[in-house]
Structures are given as structure tokens and as C-alpha cells.
Amino acid sequence: MYIKQLILWFLLMFIVTFSMAQKGIIKGKVSDIITNEPLPFTNIVIYGSNFGGSTDIEGNYRIEGVVPGYIKLLVSQVGYEPKLTEDFLVTNARVVFENIQLNPVTLDLEEFVVKASPFERKIESPLSMRRLNISEIERNPGANRDISRVIQALPGIASSVSYRNDIIVRGGGPAENRFYLDGVEVPNLNHFATQGASGGPVGIINADFLREVEFYSGAFPASRGNALSSVLEMYQKDGNPEKLRFRGGVGASDFSLTLDGPLGKDASMVFSVRRSYLQFLFDAIGLPFLPTYNDYQFKYKKRLDEKNEIMLISIGSLDDFELNTGIENPNEEQRYILGYLPVNTQWSYTIGAVYKHYRKNGFDTWVISRNMLRNNSYKYLDNDETDPSKKMSDYTSDEIENKLRYERTWMVDGYKVQFGGGGEYAKYTNTSFFKRYISDSLRVINYQSAFDMIKAHAFIQASKRLFSDRLLLSTGLRTDFSNYSGTMNNPLSQLSPRFSASYVLNSLLSLNFNSGYYYQLPAYTTLGFRDNDGLMVNQSRGLTYIGSGHVVGGIELIPNEKSRITAEVFYKTYNNYPFSLADSVSLASKGAEYGAIGDEAVVSTGIGRAWGFEILGRSIDFVGFNAILSYTWVRSEFKDKDDAFIPSSWDNKHIINLTVSRGFKRNWDVGVKWRFVGGAPYTPYDIVKSSNREAWDASGRAYLDYNQYNSLRLDNFHQLDLRIDKTWYLDRITLMAYIDIRNLYNFKSKEPDYITNLDSEGQPQIDPLNSGKYVLRSIENTSGMILPTVGLMLEF
């Protein structure tokens, strides 16, 4: 099948050997970011050239004759900081609309000259914040336009196994991250997401919508909470205000359709749907599971008048995960996977509205949203659903959140002040049946849980530029609290102070620092867990917020306007992490498997730490190449039941990322990415416990030996990805084709062996000397294969 796709792709490369290019058109408006007032007579040029124009009396501009491709605009106006926009795609087939907002300058211009930079920093977060533009997302090798996989190439970011999108930030777990889309929190970023964490195999976000991404691996501002490791801010493009446009895409796993156009006066929309056909491919090649995913994404923006605007967004998914029990003569690995993997269905949505009102010296932002996740899974022994006695697990859970948030941004006497607060009503339900073998006995967990809670937060942050912009200071304070229990309802118990500073030593070198303490609620699965008597045992044991302290220091070197080198050291502490009573380990090390985590009895006694350093070198023109090289050394440890620090599951030690890309004549682009991740710790199996027939039949797989938790380590992982893009800019249409090859040199990653109770013929092996035990054996487990992906996108 892939051979046919490759032949088709290369034929397309030569169908159109050249096109008589018309020229693209860019239109838009330049305004003050604080007041939204138009800025007339603003200079606008295409970055790297002298070609451009200026705005009229109403702040509008129009640039014609633009050569198609990804470009940036350099915008300057007296009294404002010059701005270099994120890059965007110009084509012949459509007019591009790019609205730009400028920050007013509060300095004496005779003493200081502000220069635009492609590496813009925020005063609240002078370090640990990385910005990604759309071309980096669209053409990142091996990522297949999936934002989670693009982020994994940033410094300080590790991942779990190669087929998942878990984001492991500076030694923290995948449950410690928060995601925002145009200011609306989106709890679920992946299809087939792990409930209680954030990872999954495929991202929900459609890259067709994205304009810019900001990723905080620390130093996030006081307006963002309920996160311990990272915050991801995604900004979507606005719809075309003049004409309806279409974009269709076909890849190796799904097809998509995006509509983009006006929806009334001063209003526009973008809408997309996507559906996978992985189930057909997986069935054809004999994989034991058949996933199907669907998603939609929507944005509507309406300009009410010069001072008021409203935006509606929504995103949702529908996933179905079936077992391929019809495989003829399954091999040992297929039998093993079919033996423990459950059937799963999952759907989620987020819908929100953002209202912005501009004032003379600032603006107000109101955000109201609702999100929901439904997760259902079940498993029968031998996949025999006709026999109720063979039921191993049956799980259905809902998470519903209704949120209201207010933020005010205020400029006064050179200070930037932000303050606000919000409330949230959350509801959780759970119906669980599962079998667990604990303390040498089989226990049937069968409970129903339902609870609701009110959460609230408030924050304030003040920032100031001093000494002709050489010194940047920002300090903030936040509190989060809820009515879940007496341990969570005092706002003074979750005070979260934050402080950032940056000092410019000279035109090349800066020193940066940040410190803060952050709080996060445990997962709903943990908050709502009940025993068979219906008691919320975690609540009665004083479950409380998880706390994490961060200290980060770094230097930044700007050798020229197109290059940047940074070095950062970090230290993180963890307190009150949920600690499993059954396994005697912190939940911090869980979350990289499918299903749900946290639905168990815990106490808030987990203590951990993570520390390390990162070095990043980035150039947008290194002898004609766009190059990013980073190295991270990180350690991550949590205390065990004996109060001794042991490695967490995210203790990878060494992470290296190298991404290099270049554009060529006739609109060809080639990129490569090499990634190295040090071997992660893992836990050996408890063979004695696992061989017990009652224990094995309850789970369908071997049990870990928690007395030797994370005492072993996997081999190092590395992978080379290649991506080739070709674009044809025709008069009325734009055709884009790409080939993305993941794991180009076919690296095989050694994973912990599978343990099975079946013989080579697929029959259970019962110990002839003890009928209550199975005879277990191991099956070698490796992952990794050459995975080519071919895609076509048509825009008109």
C-alpha cells in the first residue's frame, strides 16, 4: 500500500514542473494592543526585503505582488515597539488577512532603541517560554502536523513510547500540563486520551487552524494555574472576511475538510472536520486493535465595534477502539495484546466564548466555557462477552466542567498590571467494576461515584521595565481553592507567588531568573474514588492540592538578529503528591498507558524533586538552513515507601534534539529531525504473583514488582525523521504534497518483554504440579519501524 502511495506522490511531483506564478496579496489592520485604536501611517515591510507599504488613516494596509510562500512582516511605528509577526502562508489562490497589534513604548527613545526580533520574549516569562510558528508546525519532520509531537522536540521535553503523545516536561509527569486555545482551556488534547493524564496516540488539534503557539516549560504567568510543569497557549487564525475558501487534506491515517470565510458583517468563521481510516489499514496488516477517530474544530469571530469583539470556539472528538478478534492464526504478540487490551469508546468536547472590551488604558477579557469527557471501557476474559462471569472490568466515567473567568490588563505609569479571577462548577460520575489482586487475595471493586464541586481562583501580576529597558521585573500572586474538603477550601493555603527578572548586560547577553510555587488539583478519578461501601476514602484521608516549587536561572546570547543561544538550569520540588496505598508508589510516575489512572486509594504524602539544565541553539539562517539544536540533562526522583528517593518513570537523564530544514527552488522544502532520549527506568515483573491463576485471570497480564520499582532501565532511544514538501502556487488553487518518513534508519527500541500464560499454540499453560498456577514465559518486545506517511492538501 505504501509503495502505491509513494509512486502516486512522485508522479504528482512531476505533473506540474512549473507554474506561472501570479503574485499574492496581503491585507489587514494595525492597531494598539491595549486600546485597539487604529495606527495610521505605520510602516510594513516583508522581513528580509525592502518591499512593503504603509497603513492608511484608518490603520488598514494592502500589499500586492508578494511572492508566494511563508513570510513574516516587520512592522514599525513611532511610539511603539517594532514587531516581527509570526510567519504565515501567502498564495495566489487567496487574499491573506493579517491583523497586527503593537505594544506602546514607555521608554525615552533617545536613550534606547527597540529592535524587532524573531525571538520575542514576554516580560512575565523572560525564560522557559518557546514560540512556534505555523511553518514549524506544518513541516516538522516526523510530527505529521501534530502539535504534541512538535512540542516533544523542544528542550526539556521527553516522551514515553514512540507511538504516544505524552508531554514529559523537565522530569514531571504527563498529568502536569494545561492547554489553552484562544484563551479557552481545553483539557483533552488527544484522541484515546488517558483519563487522569493528558497523553494519547493522535492529537485533536487541526494544524489548519493554528497561527502561533507559545509553550511554557516553567515561569508561567499568574493568570494560568492548576499546572505543575507546563502551559501550552495555542492561537488560531481568523477566518477570511471576504470570500469562502476550502482546504482539503488526505494523509496516511485520515482525511480532513476545512471551510474558511465570512459569516455576516465584520464576522468570519473557520470550521473543519476530520475522520480517520486507520481501522482499515490496521486490519489489512493484521494489527490486533482497530482504532477510529473523528474530530471537529470551529471558530467564529465578530467585531461588534472598535472597542468590542466576541469569539466563539469549539472542539470535539469521537473515538472508537475495537479489538481485531477476527485475525486468522494470530501470532504470540497478537494473542498477548488481545488478552489484556480492553474495548474503549471515548468522546469529548469543549465550547467557549471570549468577549474582549478595550478601554483607554487597557482591556477586559471575559471567558465562559464548558467541557466534557466521557470514557467507557470493558474487558472480558478470552474476549468472551457472552459469559458474564468472565467480565474483568467495566468502566464508565464523565467529567464535566463549567467555567467563568475574568481578566483585566491595565497600563498605568509604565506598569503592566493584570488581575482577575474566576469560578468553576465541576461534576464527576463513575461506574466501576474491576478485579484487583492485592495482598495475595482477589478483590472485586464495584462502586458508583458521583460528586460535584465548586472551584475558584484569583490572581494579580505587575510588570515593569526599568533603566532604559535593561531591567525587566515581574511579580505575581495567585490562589486556588475549592469546596471539595476542608483541606482545600482555604485560599490562604494555596497561595502561589511568582517572580521573574531579566537584566540586559549588553546588546548580546542577558541574565534571566524565575521562581514560583504552583498548585494543581489531583485528577477527578482520584477525587471521586470510593470503596465498595460507597465512602470517598481519599476525601476522608485529607486529599489536597499538589504543590511544586520552581527555581530557574539562565543566560541568553543573541549573536545576531537571526540566531539565539540560551542556557537554563532548573530545580523543582513536589509535595503532597497522591501516593498509592496499593502499590506504595507516587502517582507521579503513572500516566503513560491507555485507559485511566488515579482511580485508587491514595494519601497526599508523595514527595519528589527534579533538576537539570538545558542548552538551546537556534538560527533561522545558518548558512541557509533553519536549525535548532538542544541538549537537556535531567534527573527526576520521588520517595518510596521507605522514604528513600528512587528514579521516577521520567528520569531520562539525556535528551538531544536536532532539527534542520531548508527551502529550495521551485518551492521544495526538506527537513530532518534526529532525537535521542535516554533510557527510562522501568519495573520488573512479580512472576510469583503473576503466575497465580486467580491473579492472572483478573488482569490478563503480569503484575509489576513494586518492591523493585524502577530498579531497571531501558536502553537509549534514538530516531531520525525526514520530511519533503512540495507546493504548487497556481492561479486559483494551491496544491501541497508531502512525504514524511518516521524512523528512517529503522531503529528498534527494546521494551520490557511481554509475559504470557499461553503456549506457542495459544493454549493456557497450567502448572502440572500446582493447578492454581500458570506456567509463564516471556516474549521479546521491540517497537519501532519505518513509517512513511504521504499527504496531499488542496486549497482553493
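A: Buried means under 20% relative accessible area, exposed means over 50%, and partly exposed lies in between (1.4 Å probe, protein chains only). The model is predicted: local features need pLDDT of at least 70, side-chain atom pairs count only at pLDDT 80 or more, and totals for chains, interfaces and linings use all residues. Residues are numbered from 1 along each chain as its sequence is written, and side-chain values use heavy atoms, without hydrogens and water.

Q: Is Arg 145 buried or exposed?

A: Arg 145 is buried, because its relative accessible area is 14%.

Q: Which side chain meets that of Arg 145 in a salt bridge?

A: First the general idea. Side chains of opposite charge can pair when their charged atoms come close. The cut-off for a salt bridge is a side-chain nitrogen of Lys or Arg within 4 Å of a carboxyl oxygen of Asp or Glu. Here the partner of Arg 145 is Asp 208, at 2.4 Å from N to O. Asp 208 sits in the loop between strand E17 (202-203) and strand E18 (210-216), and Arg 145 in the loop between helix H2 (134-138) and helix H3 (147-151), so the pair ties together parts 63 residues apart in sequence. Asp 208 counts as buried, because its relative accessible area is 4%.

Q: Which residues are linked with Arg 145 and Asp 208 in a network of salt bridges?

A: The network also takes in Arg 94, Glu 138, Arg 247, Asp 260 and Glu 795. The structure holds 60 salt bridges.

Q: Where do Asp 238 and Lys 301 lie in the chain?

A: Start with their contact. Their side chains meet in a salt bridge of 3.4 Å, N to O. Asp 238 is in the loop between strand E19 (230-236) and strand E20 (245-250), Lys 301 is in strand E23, and the pair links parts 63 residues apart. Asp 238 counts as partly exposed because its relative accessible area is 32%. Lys 301, at 22% relative accessibility, is partly exposed too.

Q: What is the order of the strands in the open sheet that holds E11?

A: Strands (E, at least two residues) and helices (H or I, at least four) are DSSP runs, numbered from the N terminus. Two strands pair if DSSP finds at least two bridges between them. The five strands here run in the order E11-E18-E19-E14-E15, with mixed pairing. E11 (129-133) and E15 (184-185) stand at the edges with a single partner strand each, so one side of each has no neighbour in the sheet. E14 (residues 177-181) pairs with E15 in the antiparallel sense over two bridges. Leu 181 stands opposite Val 184 in E15. A salt bridge joins Arg 178 and Glu 185, with the closest N and O atoms 3.6 Å apart. Both of these residues are buried.

Q: How many bridges join E24 to E25?

A: There are 14, and the two strands run antiparallel. Glu 309 stands opposite Lys 356 in E25. E25 also pairs with E26, antiparallel over 16 bridges. Gln 346 has Asn 375 in E26 as its bridge partner. E25 and E26 form a hairpin, with three residues between them. Tyr 355 is found in E25 (residues 343-358). Tyr 355 is partly exposed because its relative accessibility is 31%.

Q: What covers the buried residues of H5?

A: The buried residues of helix H5 (residues 332-340) are Gln 334, Arg 335, Tyr 336, Ile 337, Leu 338 and Tyr 340. Their cover includes strands E23 (289-305), E24 (308-323), E26 (362-380) and E44 (749-756), and helix H9 (693-699). At the N-terminal end of H5, Asn 331 is the cap: a side-chain oxygen lies 3.2 Å from the backbone nitrogen of Glu 333.

Q: Which residues does Asp 725 touch?

A: Contact means heavy atoms within 4.5 Å. Leaving out residues up to four places away in sequence, Asp 725 touches Arg 139, Asn 667, Trp 668, Asp 669, Ala 737 and Tyr 738. Asp 725 belongs to strand E42 (residues 717-729). Asp 725 is buried because its relative accessibility is 6%.

Technical notes
A polar contact is a pair of N or O atoms within 3.5 Å; within protein, one must be able to donate a hydrogen and the other to accept it, and residues adjacent in sequence count only if both atoms are side-chain atoms.
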